[in-house]
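Hello,

Please find the model below. My notes on it follow.

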Amino acid sequence: MKTKTIDWIKEQRQQQIEISVKAYAESGDVVHLEDIEAINEHYDEILKDMQISSYFHARNFS
């Protein structure tokens, strides 16, 4: 279940990045590059929170 969730999160990240890359290619506006950075930071934070949560969950049940 956790692996599927992580895979889904990575897919969402990739889709959003592709949208921003396409928008940048069409407009040349650097704001879309900033969007990519923000997207990466956002999903990195989600994945980090999941790891921390899993760690504490495992410690509580061991």
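Accessible areas come from the Shrake-Rupley method with a 1.4 Å probe, and for residues only the protein chains shown count as cover. On that basis the chain has an accessible surface of about 5100 Å², 55% of it belonging to carbon and sulfur atoms.

This is a predicted model: local features need pLDDT of at least 70 and side-chain atom pairs count only at pLDDT 80 or more, while totals for chains, interfaces and linings use all residues. Residues are numbered from 1 along each chain as its sequence is written, and side-chain values use heavy atoms, with hydrogens and water left out.

The chain has two helices and zero strands (DSSP runs, H or I of at least four residues and E of at least two, numbered from the N terminus). Of its 62 residues, 19% count as buried (under 20% relative accessible area; exposed is over 50%, partly exposed in between; 1.4 Å probe, protein chains only).

Helix α1 covers residues 2-27; its 26 residues should span 38 Å at 1.5 Å a residue, and the end C-alpha atoms are 38 Å apart, which agrees. The expected span is 1.5 Å times one less than the number of residues. Buried in α1 are Ile9, Gln12, Arg13, Ile17, Ser20 and Ala23. Gly28 follows α1 and has a positive phi, near 75°.

Val30 lies in the loop between α1 and α2. Val30 counts as partly exposed because its relative accessibility is 46%.

Glu34 is in helix α2, residues 31-60.

Regards
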